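Subject: Structure for you to look at

Hello,

Here is the structure I promised. Please open it and keep it beside this email while you read.

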Amino acid sequence: AGAATQQLAPTTQVAMAAILDDNTERLSHKEVEQRRREKAKLYFDELRALLPCGADSKFDKNTILQNTIAMIKQLQAELDFYREAKMGAKRPLTQPGSTDYRQSFDVTRQPLCFCGLDGCVWESNASFCNLMGYTKQEIAGLSLLNSTAPCDSDASSQHWQRLISSGMCNCTFYCNVIRKDSQQLLVNMDLNLIHKKNQPYCFLVATNPTS
């Protein structure tokens with residue numbers, strides 16, 4: 001019996017060692033995976049901290065990534081513009097310039113306008129003027145917030161302020177606007193917040209009549 005025990009002991013030891021090695025390997029894999037998740041969380045928290053109001057817990061990961069992509073694209077555009085202005089590079093004939101963009105803004109059938117953060121119109125195209133019933137001279141300085149029907153005024157103002165404070169880039173909502181002739185028009189208003197030097201600068205507003 002003693003001899004049998006001596007013969008079985010090495011086999012048992014090998015089996016136990018294999019089990020321990022297997023457990024160690026599985027535990028090591030879990031540790032690696034846990035460290036990977038912790039590192040990913042640290043990177044994401046750092047990214048969230050770089051965005052305006054990114055620390056707000058109500059924004060999920062998809063919203064944070066969407067806003068990050070939008071801000072990177074905007075920063076790239078500003079950097080390209082700065083480099084071009086600094087180097088005095090000439091645009092190829094096939095590449096549109098600022099004059100081409102302005103003409104496109106003026107002739108598009110989409111009602112568009114640029115507004116300050118206070119909601120006052122800076123510049124508008126012909127379609128937006130026709131929609132509101134004003135001339136270009138009359139509509140300059142007009143407050144879109146004051147031109148919103150009283151029944152929608154508070155909700156509309158909250159959309160504008162929330163967009164500025166939240167760090168988000170755009171939002172869409174329905175509201176009634178008041179034309180120059182005092183008629184009310186239901187529109188789908190698309191607010192797009194434009195940043196300059198990583199700070200809210202102005203709005204590009206697109207209005208789509210529902211009828």
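Cys 129 is buried, because its relative accessible area is 4% and the cut-off for buried is under 20%. Please keep in mind that this is a predicted model. The closest cysteine sulfur to that of Cys 129 belongs to Cys 113. The two sulfurs are 9.0 Å apart, so they are too far for a bond. A disulfide would need them within 2.5 Å. Cys 151 is in no disulfide either. Its nearest cysteine sulfur, in Cys 175, is 9.1 Å away. Cys 151 counts as exposed, because its relative accessibility is 60%. The disulfide count for the model is zero.

Next, helix α6. It runs over residues 150–166. How far apart should its ends be? At 1.5 Å a residue, its 17 residues should span 24 Å. The end C-alpha atoms are 25 Å apart, which agrees. The buried residues of α6 are Asp 152, Ser 156, Trp 160, Leu 163 and Ser 166. Look at the spacing in that list with one rule in mind. An α-helix has 3.6 residues a turn, so residues three or four places apart point the same way. What do the buried residues of α6 pack against? Their partners are four strands: β1 (112–115), β3 (170–178), β4 (184–196) and β5 (199–209).

Now the aromatic rings. There are two aromatic pairs. One is Trp 122 with Tyr 201. Their ring centres are 5.6 Å apart and their planes meet at 75 degrees, so the pair is edge-to-face. Trp 122 is in strand β2 (residues 121–124) and Tyr 201 is in strand β5. They are 79 residues apart, so find both before you zoom in; the pair links distant parts of the chain. Trp 122 counts as partly exposed, at 44% relative accessibility. Tyr 201 is also partly exposed, at 37%.

The other pair is Trp 160 with Phe 203. Here the centres are 4.8 Å apart and the planes are at 65 degrees, so this pair is edge-to-face as well. It joins helix α6 to strand β5, across 43 residues.

Go back to Tyr 201 for a moment. Lys 196 lies over the face of its ring, at 4.8 Å from the ring centre.

Then the strands. β1 and β5 pair in the antiparallel sense, over four bridges. In this pairing, Leu 112 stands opposite Ala 206 in β5. β1 and β2 are antiparallel too, over three bridges. Phe 114 has Glu 123 in β2 as its bridge partner. β1 and β2 form a hairpin, with five residues between them. Gly 119 sits in that turn and has a positive phi of about 90 degrees.

Last, two residues to check. Most residues other than glycine have a negative phi. Lys 197 is not a glycine, yet its phi is positive, at about 55 degrees. Asn 198 is not a glycine either, and its phi is about 65 degrees. Where is Lys 197 found? Lys 197 is in the loop between β4 and β5. Asn 198 lies in the loop between β4 and β5 as well. Lys 197 is exposed, with a relative accessible area of 71%. Asn 198 counts as partly exposed, at 31%.

Best wishes

Terms used: Residues numbered from 1 in each chain as written. Predicted model: local features only at pLDDT ≥ 70, side-chain atom pairs only at ≥ 80, totals over all residues. Heavy atoms only, no water. Helix = DSSP H or I, 4+ residues; strand = E, 2+ residues; numbered from the N terminus. Expected span 1.5 Å × (residues − 1). Buried < 20%, exposed > 50% of the residue type's maximum accessible area, 1.4 Å probe, protein only. Contact = heavy atoms within 4.5 Å. Phe/Tyr/Trp six-rings, centres within 6.5 Å; stacked < 30°, edge-to-face > 60°. Lys NZ or Arg CZ within 6 Å of the ring centre and 35° of its normal. Pairing = 2+ DSSP bridges.
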